[in-house]
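Let's read a structure together, one feature at a time. Please have a look at it first.

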Amino acid sequence: MTDLPSHTERQLGLVIDLDTCVGCHACVVACKGWNTQSQPSPLSDQDPRGAAPSGTFLNRVHAYEVTPQTGAAQVVHFPKSCLHCADAPCVTVCPTGASFKRAEDGIVLVNESECIGCGLCAWACPYGAREMDMAEGVMKKCTLCVDRIYNETLPEQDREPACVRTCPAGARHFGDLSDPESAVSLLVEARGGMDLMPEQGTRPANKYLPPRPRDSWEGEVDLLAPWLEPVAEEPRGLLGWIDRTLARL
Amino acid sequence: MAQTERQLDTPDTQVQISDEIRKTTCYMCACRCGIDVHLKDGVPVYIEGNRDHPVNRGVLCAKGAAGLKQVTSHARLRAPLRRVGPRGSGEFEEISWDEALETAAGWLKPLRESAPERLAFFTGRDQSQSLTSWWAQQFGTPNYAAHGGFCSVNMAAAGIYTLGGSFWEFGTPDWEHAELLLLFGVAEDHDSNPIKIGLSKLKARGARVVSLNPVRSGYSAIADEWLGITPGSDGLLVLSLVHELLRAGRIDLDFLAQFTNAPVLVDCDPRSPEYGLFLRGDDGSPLVIDARTGRPAPWDGERVEPKLTGHLRRAGISHRTVMEMIAAQYMDRAYAPEAVAARVGLPPERIRWLAAEIARAAFETKLELDRPWTDFRGRQHSTMPGRPVAMHAMRGVSAHSNGFQTCRAIHLLQALLGAVETPGSFRFKPPYPKPPEAHCRPHFRAVPGQPLEGPPLGYPLGPEDLAVDAAGAPLRIDKAFSWEAPLAVHGMLHMVIANAVAADPYPIDTLFLYMSNMAWNSTMNTAGTMEMLTAQDEEGNYLIPRIIYSDAYASEMVAYADLILPDTTYLERHDCISLLDRPISEPDAAADAIRWPVVEPDRDVRPFQSVLLDLGARLGLPGMAEDGQPVYRDYADYITNHERRPGVGPLAGFRMGPHGLQDGRGTPNEAQLDSYIAAGGTHGIPVPLGAAYYKPWNRAYQDWAVEIGLLDAPAPALVQLWSEPLRRFQRAAEGQGERLPPEPLRERLAAVMTPLPVWYPPLSDTPGVEENYPLHAITQRPMAMYHSWGSQNVWLRQIHGMNPLYIPGAWWRALGLQDGDWVRVTSPHGEITAPAARMEAQSENVVWTWNAIGKRKGAWGLAPEAPEATKGVLLNHLIPEHLPSGENGASLSNSDPITGQAAWFDLRVRLERIAAPREASPGFPPLRSPVPRPD
């Protein structure tokens with residue numbers, strides 16, 4: 001099995017804002033587009049024009065309904081990719097060392113040339129964040145666009161993951177979550193960013209910002225927004241009020 | 001094991017995926033974002049957003065990023081086709097372009113010389129309408145429009161007639177300053193990326209978003225407050241808000257007096273021939289009472305201070321201000337929250353809450369920009385006071401037969417708050433504002449061998465502008481601008497086929513369509529339309545004798561055409577996103593853009609616009625041929641050299657002036673397209689700071705618009721709360737004036753063409769319908785899919801390959817549905833079967849599905865077993881193109897009676913649980929694909 005690094009110098013990751021994610025899938029396709037070109041083999045598609053199309057996507061968006069005890073049901077869009085865990089079970093389970101976590105930035109990667117496609121890592125990952133590429137027979141996963149973020153052939157402003165660069169709703173943020181003063185750490189602090197399934201003990205790097213409370217209205221009276229006080233109940237009264245108001249100006 | 005050397009080397013962090021980036025404009029939906037197309041060895045490999053583009057500022061949606069797969073799509077047509085089997089069979093032979101164009105010219109030339117109206121030219125999701133409209137005009141046929149009539153003409157027309165511009169393309173919420181945004185019936189596109197960017201800005205500032213929508217998907221999912229309204233009742237809700245705000249005096253009296261026609265005097269003597277029309281001065285100018293003198297004065301008189309209330313008797317006839325009419329109408333208890341609650345589907349308290357929320361944001365938030373400006377009356381203002389309530393509305397409001405007046409009601413609400421073109425509210429994008437008077441009227445008199453006198457589409461101001469004959473019969477094949485749809489300013493594509501087949505008002509010879517899937521998802525009564533397209537007379541002649549179609553892909557419509565002119569994809573062509581048409585302007589800049597061939601097509605296809613110019617030259621159309629020679633080499637040549645008016649061409653940037661390059665007006669510049677390419681495909685002309693708000697009334701804006709060629713003269717205009725054009729039609733319906741509607745239409749016209757916004761139930765809600773069909777059925781557009789194009793895209797169809805019917809929990813339980821069940825969906829028109837899915841976050845009597853996922857077998861290069869074809873749901877089968885026959889048996893279109901907008905969302909259905917069938921019904925024989933299908 002494969003060791004995790006005893007210490008990472010940085011822990012890069014994503015902060016995903018569930019309050020603003022509209023579920024548009026822009027990140028899904030940008031990820032597919034970039035990684036299909038940047039990786040040694042494309043992210044393959046099986047039966048792309050047929051009855052059961054199925055392809056490799058390193059990032060997917062799910063939609064869930066939440067039905068509170070009172071009030072209207074809500075929809076939460078939930079983008080999900082590898083969370084680059086500190087205690088990544090996908091790494092420790094790997095029999096060949098193909099799965100590994102980088103000491104320098106905490107990114108979890110797969111070395112495809114050593115991957116035997118056994119699928120143990122996918123079984124071990126509690127998030128379902130790994131994708132077996134059926135054409136290549138190897139496991140693929142989010143690399144945090146390691147081939148963009150350090151890529152000196154790209155303009156500096158583009159050295160961020162493709163999903164972050166494209167997100168129209170500004171719902172995706174990238175940075176060093178081990179630095180408490182980084183913009184992403186401050187965002188997590190300010191918005192109560194959460195770990196996904198903390199009970200799994202994986203200590204994920206990626207954080208989710210919860211949706212702000214919706215539907216504050218709870219029926220009869222809202223102290224913050226009292227009913228509008230009437231100035232008139234019929235047309236003549238309103239016109240009189242208009243004349244009086246304008247005369248005061 | 002420890003991290004190894006090999007692992008350290010694993011990623012190539014310096015990978016170069018491309019060797020060149022070409023910047024052009026997206027066409028994966030109607031947003032027109034800027035894109036960076038990465039090429040490697042000349043092949044497009046990756047598309048990302050252009051950071052310097054005004055529309056998307058670097059971001060890009062799923063559709064845009066999947067554009068590559070549109071170029072490599074197996075559904076792409078390969079060469080011109082001539083039909084060889086029966087129409088609808090899909091049997092074609094490939095022919096040369098010369099043969100195709102000579103065939104088309106051979107069909108069209110005799111028509112032009114004898115009866116040009118027998119060509120119906122409709123251009124679907126066309127982004128080159130200033131060219132296609134001009135082509136129709138030069139051909140001489142009035143029978144031209146794009147797809148606006150079945151899209152959102154209610155929104156566009158209500159905006160132009162009320163404000164001088166509408167939501168989306170002509171205006172936008174003030175994302176920088178709004179504190180409250182109301183979204184009415186907005187699904188995922190129109191506008192796609194700009195709305196997402198904007199919502200993100202609002203959220204970052206802590207501003208609030210309220211969504212009124214029957215379905216809580218997409219933008220509604222992230223709204224702070226969601227009001228699950230009953231479809232078709234938005235107008236009633238808005239007028240109830242108006243009632244509450246008037247009652248509470250929470251209205252902007254200053255704004256109403258200065259910038260709306262609330263102080264204009266209206267004839268209110270029912271016996272007067274001018275009843276309901278404005279009191280006008282000797283020069284024809286509507287009059288107000290000048291508060292300085294107490295006497296009548298022209299609305300736009302220098303320094304005039306219009307008075308909101310008051311009466312004036314003149315020649316024995318009494319006149320009141322529009323404000324008094326508003327008070328009289330909307331203070332009525334019929335608009336009280338209690339009175340409307342059941343119909344709207346919201347508790348009265350919720351409506352009151354919303355009114356209070358709006359009033360609080362509008363009047364208790366201090367917003368004032370320190371920008372001095374001068375209004376059209378010459379009055380100087382030291383600041384620009386704001387009103388931070390923004391509104392945006394789209395298809396959900398537009399696609400009802402009461403949509404025009406509902407949009408008018410929203411504009412009334414905006415104006416009462418002073419939330420039009422004020423900081424924080426709704427902002428126009430140049431060339432808007434542009435009131436109807438500044439547009440042309442429709443032109444429709446077909447003369448053999450001659451062009452029309454002007455563009456076929458325009459803005460009627462009264463019955464005298466209608467396209468009807470002396471007997472009141474329609475002169476256009478779609479009956480746009482007739483008494484059936486007087487303000488059908490985008491035409492009525494959805495009625496062309498039915499009317500042509502019925503020879504009502506007359507038969508046509510050639511139907512020429514571009515990029516419009518009328519044999520499937522773009523038509524009502526889909527099965528009936530397929531029959532109409534193949535219907536023959538007793539001698540075996542097709543009732544529509546000839547059909548020419550241009551599309552890039554093997555859509556369902558291809559099989560029903562006789563001649564196919566295959567188009568390129570958007571990466572292989574020139575286009576201009578023009579200020580003459582549907583530009584990409586932002587409130588602070590007039591902007592236009594181009595597409596250019598970032599790759600060459602690998603097959604025998606040609607860009608439609610170049611083909612159209614070629615065809616025009618072969619036909620000898622004025623402006624396209626001179627001395628038997630083509631005027632333009634291709635569309636790029638046209639973009640560069642065509643001048644619509646002296647100095648005004650398709651692109652406003654990099655024109656030639658006396659001292660070199662200049663913006664706006666100028667003579668053609670042969671290097672203009674190169675300049676656009678060098679500039680990233682787009683060019684903006686900034687609006688001066690002092691002209692950026694209060695545009696309709698701001699002298700600095702009006703002068704700037706004239707200077708750069710957007711207007712020929714300043715056109716300040718008041719918000720038309722009382723619409724005199726509408727009243728003119730209503731007056732005719734009351735039997736007044738020279739041109740009167742046919743008797744059977746008078747009652748309906750009198751009821752709907754009210755000068756103040758009104759709500760009436762959807763027209764197909766006839767007695768008994770609600771009892772038998774208790775559910776409303778609508779569609780929402782998925783964010784990762786646009787119209788029918790998306791399903792051929794091998795990435796996007798993995799995201800949206802299925803579109804079950806979403807059913808609310810109470811109905812799910814009442815029907816005893818289980819996962820895996822299907823339902824039979826029955827409307828007054830027909831029935832379909834659909835896979836059922838449960839969803840709680842939607843209004844209680846609403847079912848819905850994603851738009852345009854369902855496909856016909858054999859189309860779009862998909863396998864016949866594709867889920868789009870075997871389980872896809874197409875609500876179009878349930879929607880008739882005609883209203884139920886009235887007492888007089890007249891067949892009126894299922895459309896808004898004012899604008900002719902297709903009333904897609906008036907659909908009502910009932911459900912029954914059924915066991916899962918093998919495939920969805922109705923089923924149709926597979927089309928023979930003109931492109932290879934997967935095995």
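The dialogue below goes from the conventions to a strand, some backbone details and the interface.

Q: What should I know about the model and its numbering?
A: This is a predicted model, in which local features need pLDDT of at least 70 and side-chain atom pairs count only at pLDDT 80 or more, while totals for chains, interfaces and linings use all residues. Residues are numbered from 1 along each chain as its sequence is written, and chains are lettered from A and ligands numbered from 1 in the order in which they are written.

Q: How many of the six residues of strand 24 of chain B are buried?
A: A residue is buried if 20 or more other C-beta atoms, placed from the backbone, lie within 10 Å of its own, exposed if 12 or fewer, and partly exposed in between. Strands (E, at least two residues) and helices (H or I, at least four) are DSSP runs numbered from the N terminus. In strand 24 (residues 546–551) of chain B, six of the six residues are buried, so the strand is largely enclosed by the rest of the structure.

Q: Which residues lie on each side of strand 24 of chain B?
A: In a regular strand, side chains alternate between the two faces of the sheet. Here B:Arg546, B:Ile548 and B:Ser550 are on one side, with B:Ile547, B:Tyr549 and B:Asp551 on the other.

Q: In what sense do strand 23 and strand 24 of chain B pair?
A: Two strands pair if DSSP finds at least two bridges between them. Strand 23 (residues 510–514) of chain B runs parallel to strand 24 of chain B, over five bridges; B:Leu511 has B:Ile547 as its bridge partner. Strand 25 (residues 563–566) of chain B also pairs with strand 24 in the parallel sense, over four bridges.

Q: Where is B:Met515, and is it buried or exposed?
A: Most residues other than glycine have a negative phi, and most peptide bonds are trans. B:Met515 has a positive phi near 50° and sits in the loop between strand 23 and helix 17 of chain B. B:Met515 counts as buried because it has 24 C-beta neighbours inside 10 Å. B:Ala315 also has a positive phi, about 50°, but counts as exposed, with 5 such neighbours inside 10 Å.

Q: How many residues of chain B are in contact with chain A?
A: Contact means that two C-beta atoms, placed from the backbone, lie within 7 Å. By that rule, 84 residues of chain B are in contact with 74 residues of chain A. Helix 13 (residues 348–363) of chain B gives the most to its side, with nine residues.
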